[in-house]
Amino acid sequence: MTEIKRGTAEMTAAMLISGTIGWFVLMSGQAVTDVVFWRCSFGALTLLVICVAMGLLRPGILNLKSFAIAVGGGIAIVLNWLLLFAAYSHASISIATTVYNTQPFMLLGLGALFLGERITFTKLFWLALAFAGMVIIVEGKPAETAGAGSYAIGILLSLGAAFFYALAAIAAKWLKGTPPHLIALIQVSTGILMLAPFTNFSAAPQDASGWSILVAMGVVHTGVMYVLLYGAIQKLPTHLTGALSFIYPIAAIVVDRLAFGHVLGITQIAGAIIILGAAAGMNLGWTIPLAGHKNNHLSKEATE
């Protein structure tokens with residue numbers, strides 16, 4: 001029981017940290033590519049120290065194929081960060097984070113495509129429900145953004161971020177058994193190489209306050225968050241990990257309200273509840289009436 005409590009505390013802390021990153025991104029005043037570059041740089045330093053302390057840099061722990069998959073996952077996770085951070089200024093932190101939580105459905109499709117995982121009637125139901133929530137959110141755009149196209153761009157960027165996160169998750173599945181902190185180090189190191197040519201170093205912060213925001217994103221939101229997250233995953237049952245993950249979007253919505261005064265409209269709230277509810281159904285394996293009968297029917301047809 002003590003391990004469950006510790007894992008719950010770690011997962012809760014990791015999700016609360018994740019929920020605040022939008023504030024740090026917007027307050028940094030940096031271009032999105034610059035923010036992600038510095039996050040990767042300070043994150044790499046933090047994870048390097050962690051990996052050395054854990055003895056994860058010894059020879060033979062990673063073969064060439066696994067390294068290549070980790071680099072591919074790194075490219076995906078960096079593109080995920082770029083798109084999500086860019087979405088904040090278009091559709092607000094609240095909406096971007098909510099739409100980003102369609103990632104389980106992206107993973108559903110990619111899992112069926114690359115891993116041969118079966119798509120059941122129940123999963124299709126949750127997918128359809130999430131799509132309905134998405135339509136409601138799109139229709140519920142704030143009046144002040146009407147005609148500007150910015151709101152729609154923010155939603156598209158968030159969907160793109162969710163897609164690349166799902167790609168990174170597929171890569172992580174292929175790397176089962178590889179130390180996750182080492183994977184994270186490879187990912188952020190890949191990000192440094194990807195973004196260095198596009199980073200405007202002359203626009204770097206000129207004061208300690210500006211640098212502290214970037215350092216925090218690398219050390220706290222990347223290094224510390226990874227340690228807490230993976231520590232929790234090792235201790236908690238899957239259903240509890242999935243349930244606690246919804247602290248992240250809730251925290252992001254609260255931060256958006258307190259820090260920037262963004263209040264969701266009734267339509268947006270309804271869409272957000274539907275999307276998060278559908279994602280919860282997917283993550284926690286909720287069943288629906290007649291789903292068992294439908295799933296059995298689909299399985300029977302597949303064998304005939």
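Lys 5 sits in helix 1 (residues 2-19); helices here are DSSP runs of H or I with at least four residues, numbered from the N terminus. With a relative accessibility of 58%, Lys 5 counts as exposed. The cut-offs are under 20% relative accessible area for buried, over 50% for exposed and partly exposed in between, with a 1.4 Å probe and protein chains only. This is a predicted model, so local features need pLDDT of at least 70 and side-chain atom pairs count only at pLDDT 80 or more, while totals for chains, interfaces and linings use all residues. Residues are numbered from 1 along each chain as its sequence is written, and side-chain values use heavy atoms, leaving out hydrogens and water.

Go 93 residues along the chain from Lys 5 and you reach Thr 98, with 27 Å between the two C-alpha atoms. Thr 98 belongs to helix 4 (residues 64-100) and counts as buried, at 1% relative accessibility. Setting aside residues up to four places away in sequence, Thr 98 touches Ile 137, Ile 253, Ala 272, Ile 275 and Leu 276, where contact means heavy atoms within 4.5 Å.

## Helix 5 against helix 7

A helix pair gets described by the angle between the two axes and the distance between them. For helix 5 (residues 103-114) and helix 7 (residues 150-174), that gives about 50° and 8 Å. The axes are lines fitted to C-alpha atoms over the stretch in contact, and the angles run from 0 to 180 degrees between N-to-C directions. Helix 5 and helix 7 are therefore oblique to each other; under 35 degrees is roughly parallel, over 145 roughly antiparallel, 65 to 115 roughly perpendicular, and the rest oblique. The crossing of this pair, helix 5 and helix 7, is right-handed, meaning that the near helix is turned clockwise from the far one by less than a right angle.

On the helix 5 side, the contact uses Gln 103, Met 106, Leu 107, Leu 110, Gly 111 and Phe 114, and their partners in helix 7 include Leu 159, Phe 163, Ile 170, Lys 173 and Trp 174. By class, the contact of helix 5 with helix 7 splits into 13 nonpolar, 2 polar and 1 charged. Here Ala, Val, Leu, Ile, Met, Phe, Trp, Tyr, Cys and Pro are nonpolar, Asp, Glu, Lys and Arg are charged, and the others, Gly among them, are polar.

## Helix 5 against helix 12

Helix 5 also crosses helix 12 (residues 266-284), at roughly 50° and with the axes coming within 9 Å. Helix 5 and helix 12 are therefore oblique as well. Pro 104, Phe 105 and Leu 108 from helix 5 meet Ala 278, Ala 279, Met 282 and Asn 283 from helix 12. The contact of helix 5 with helix 12 has 6 nonpolar residues, 1 polar and no charged ones.

Thr 178 lies in the loop between helix 7 and helix 8 (180-195). Thr 178 is buried at 14% relative accessibility and touches Leu 62 and Ile 183, not counting residues up to four places away in sequence.

Ala 216, in helix 9 (residues 208-235), is buried with a relative accessible area of 16%. Ala 216 and Phe 42 are 174 residues apart in sequence, yet 8.3 Å apart in space, C-alpha to C-alpha. Neighbours within four places in sequence aside, Ala 216 is in contact with Phe 24 and His 221.

Definitions and conventions:
Helices (H or I, at least four residues) and strands (E, at least two) are DSSP runs, numbered from the N terminus.
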